Amino acid sequence: MSTLLTGISELRTVSELGTIKDAALLMDGGVIEWVGVAAGAPAGADDTVDLGGRAVLPGWVDSHTHMVFDGDRAAEFEARMAGESYAAGGIAVTMEATRSASTERLHQLVAERVAAGRAGGTTTFETKTGYGLNVASEAEAARVAASHVDDVTFLGAHLVPPGADAEEYVTEVVGPMLDAVKDHVQWIDVFCERGAFTEEQSRRVLEAGKNAGLGVRVHGNQLGEGPGVRLAVEMGAASVDHVNYLSDADIELLAGSDTVATLLPACDLSTREQLAPGRALIDAGATVAIASNLNPGTSFTSSMNFCVTTAVLQQRLTLDEAIAAATTGGAKALRRHNVGAGKDPQGRPAKGTLVPGAAADLHVLDAASAINLAYRPGMPITWQTWVGGEKVYSA
């Protein structure tokens, strides 16, 4: 069934088509068939929907989340706001709650988190394992995640569990744990950071994942300069995420590679680390994504609207740059981006752009212009969310 959307004040295609004023969009079978000025819209659609002069942009592509968990760490957050520093070891608190949760409860929690993201305009989700940290719990997390999101990442190398030997644990991650999850995930990731995994351990994890046919991602350079960016580029990682502390050499490496630098601004605010240098990365020519980093310890939010607003107001990205980072940038980090005719590298409808052939994933704002994301920070601005041509949220 084809649907023609009219009454679009501005259509931000995030493509070479730019922003179209007084626009319309035709979608059919879950993909976009036509975009352009409303006066030139094709006739014969099965249904017509008037959006009443609202702005439309691609649905957010949230390329970095940790949705499969139970419990919260509000006490840890309160202590950090009172002056205590962040360390990676807090993950162990969530591990116990997640291991104790039933499969049914984990399904319920992830479904609720996806629904909350959709209510904020997110249409594509990645999420990670990494709070079970043993074979059974990581496998369960992978299966649960695969039922709810677009891409799943194996993050058994999130932290060495309390009392475990680091080298023995890495052997478990690259052996029985990887074997247990590999049929349910598309990516492997590692927290290459002080307090987590060394460069050598991280390389071992990533090489095992590549040998199992998985794509590579890296958590890196969150707490200080380190080997994360260099390792990610060396391994051909799709993204390296956090990137708070970068040397000039790190920025040059990213600018000369296909590895996306993923900014996690809500996490930066929560941990009170310096904001990732998004302006310097873009100026150097690096590809940048923005993601929520939804997790219980350092970024308990799925609001991509908030992350985009923060990037504009505090990281000095322009609105166009921030929207591109949160849409096509996230799609590039998941290798779901447009490589021509609206198709991604696997020939599927591309994400994060509104061009013919791409997925009909739309974020309709309750405003005539997208600048209101930053101009009216914190206001409820998502009016509708469409995924594959179907309306999944309406305010």
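**Two annotated loop residues and a helix pair**

Tyr-131 sits in the loop between β6 (122-128) and α4 (135-146). The model is predicted: local features need pLDDT of at least 70, side-chain atom pairs count only at pLDDT 80 or more, and totals for chains, interfaces and linings use all residues. Residues are numbered from 1 along each chain as its sequence is written, and side-chain values use heavy atoms, without hydrogens and water. Helices (H or I, at least four residues) and strands (E, at least two) are DSSP runs, numbered from the N terminus.

The unreviewed UniProt entry lists Tyr-131 under "binding site", along with Arg-73, His-158, Gln-222 and Thr-298. Such annotations may be inferred rather than shown by experiment.

Tyr-131 has 3% relative accessibility, so it counts as buried (under 20% relative accessible area, 1.4 Å probe, protein chains only). Beyond four places in sequence, its contacts (heavy atoms within 4.5 Å) include Arg-73 and His-158.

Now turn to His-158. This residue lies in the loop between β7 (151-157) and α5 (166-181). His-158 is buried too, at 4% relative accessible area. Among the residues that His-158 touches are His-66, Phe-191 and Gly-130. The backbone oxygen of Gly-130 is 2.9 Å from a polar side-chain atom of His-158.

Next comes a helix pair. Helices α11 (residues 304-314) and α12 (residues 319-333) pack at about 140°, with axes 9 Å apart. Where do α11 and α12 meet? Met-304, Val-308, Ala-311 and Val-312 in α11 meet Leu-319, Ala-322 and Ala-326 in α12.

Definitions and conventions:
Buried means under 20% relative accessible area, exposed over 50%, partly exposed in between (1.4 Å probe, protein chains only). A polar contact is a pair of N or O atoms within 3.5 Å; within protein, one must be able to donate a hydrogen and the other to accept it, and residues adjacent in sequence count only if both atoms are side-chain atoms. Axes are lines fitted to C-alpha atoms, for helices over the stretch in contact, and angles run from 0 to 180 degrees between N-to-C directions.
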